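Notebook open, model loaded. I want to jot down what I look up as I go.

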Amino acid sequence: MSLSFVDRSKLTKNPIAKKLFLLMEQKKTNLCASADLTKAQDLLEFANNIGPEICLLKTHIDILEDFSDEVIHKLTTLSRKHQFLLFEDRKFADIGNTARLQYEKGIFKIASWADIINAHILPGKGIIEGLLQSNGKKEKGLLLLAQMSSQGNLITENYTAKAIEMAHAYEEFVIGFISQEKVSDHPAHLHLTPGVSLQAKSDSLSQSYRTIDDIIFSSQSDIIIVGRSLYMDKDPLKRAKMYRKKGWESYAKRISSNFHSHS
Ligand code: S5P
């Protein structure tokens, strides 16, 4: 059964997931912008420009060539101004102790500002424990990589099933998955899908792209993650409005077709 975001906000045990479900409904957007920009000024201008259209801003903070604490200060200010959450796409993948240090320490101090982070489950549950035990923001949510968008990736069905098992075992911390489709039937689990473009089918480095309706309606994912199709466009705001509208329409269609099929 597919419930609305508001219904699902009542079922999660994690405050960040709850916030995200409610903010999606309030702003009517399931668009996550992937801001893979390498200059602080470009990142901040992009975030300020498209902020009203998105529920999440996804960063790769370590690709900035001119990182400073000021960037984080400005990003968090923008997230409050435009009401979106911050997702640092760090894809932790090491043993628990190292992942914890990478999350908490160094120059980026991700644990102090990111609402959402993600991790590969390859090292086993220690990575989740390490991230969970870190000091930093009290409200935090973890997404597990359950599937990937790149052609030839090594994730198997069995691996995906393990990710779902781990999400259940840490239901207060793990809020969902990075995946190509809905993989878990638990309504509290969020599904976020990258590899979205209305034009391109792939890039030169094995990324594969699908359409919004395929992802949100047919594959029943919740949130589209869109990078180059937005920030490389000559008018990112116009583009973001279009992706947002299409993403929300596909979600609304899914909820209402579900309603009719069950009534
Ligand atoms: O399987 C994945 C998982 C992620 S998080 N495939 C991905 O492409 N991503 C990320 O989504 C990737 O790191 C990049 O930041 C974004 C896709 O960017 P685009 O420019 O191809 O839309």
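Which residues are closest to the ligand, and how many surround it? I count 14 residues around the ligand, and the closest are Asp36, Lys58, Ser149, Tyr209 and Arg228. For this, a residue is near a molecule if one of its heavy atoms lies within 4 Å of it.

Ground rules before I go on. I am looking at a predicted model, where local features need pLDDT of at least 70 and side-chain atom pairs count only at pLDDT 80 or more, while totals for chains, interfaces and linings use all residues. Residues are numbered from 1 along each chain as its sequence is written, and side-chain values use heavy atoms, with hydrogens and water left out.

Asp36 puts a side-chain N or O atom 2.7 Å from a ligand oxygen. Tyr209 also uses a polar side-chain atom, 2.7 Å from an oxygen of the ligand. With Gly227 it is a polar backbone atom, 2.9 Å from a ligand oxygen.

I found Tyr243 in helix H10 (residues 236-262); helices (H or I, at least four residues) and strands (E, at least two) are DSSP runs, numbered from the N terminus. Buried or exposed? Tyr243 is buried, with 0% relative accessible area. My cut-offs are under 20% for buried, over 50% for exposed and partly exposed in between, with a 1.4 Å probe and protein chains only.

Setting aside neighbours within four places in sequence, I listed the contacts of Tyr243 (heavy atoms within 4.5 Å). They include Leu31, Val196, Ile212, Val226 and Ser229. Leu198 is also on that list, and its backbone nitrogen lies 3.1 Å from a polar side-chain atom of Tyr243.

Ser229 sits in helix H9 (residues 228-231) and is buried at 14%. Beyond its neighbours within four places in sequence, Ser229 touches Val196, Ser197, Arg239 and Tyr243.

**H3 against H4**

How do I describe a helix pair? Two packed helices are described by the angle between their axes and the distance between the axes. The axes of H3 (residues 40-50) and H4 (residues 69-82) come within 10 Å and cross at roughly 5°. Axes here are lines fitted to C-alpha atoms, for helices over the stretch in contact, with angles from 0 to 180 degrees between N-to-C directions. I therefore note H3 and H4 as roughly parallel, the term for angles under 35 degrees.

On the H3 side I see Ala40, Leu43, Leu44, Ala47 and Asn48, which meet Val71, Lys74, Leu75, Leu78, Lys81 and His82 of H4. By class, that contact has seven nonpolar, two polar and two charged residues. Nonpolar covers Ala, Val, Leu, Ile, Met, Phe, Trp, Tyr, Cys and Pro; charged covers Asp, Glu, Lys and Arg; the others, Gly among them, are polar.

Leaving out neighbours within four places in sequence, I get Phe84 and Leu86 as its contacts.

**Positive phi**

Gln83 is not a glycine, yet has a positive phi of about 60°. I place Gln83 in the loop between H4 and strand E3 (85-92), partly exposed at 44%. Lys28, not a glycine either, has a positive phi of about 55°. Lys28 is in the loop between helix H2 (15-27) and strand E1 (31-35), partly exposed at 41%.

Terms used
Parallel < 35°, antiparallel > 145°, perpendicular 65-115°, else oblique. Polar contact = N/O pair within 3.5 Å; in protein donor to acceptor, adjacent residues only side chain to side chain.
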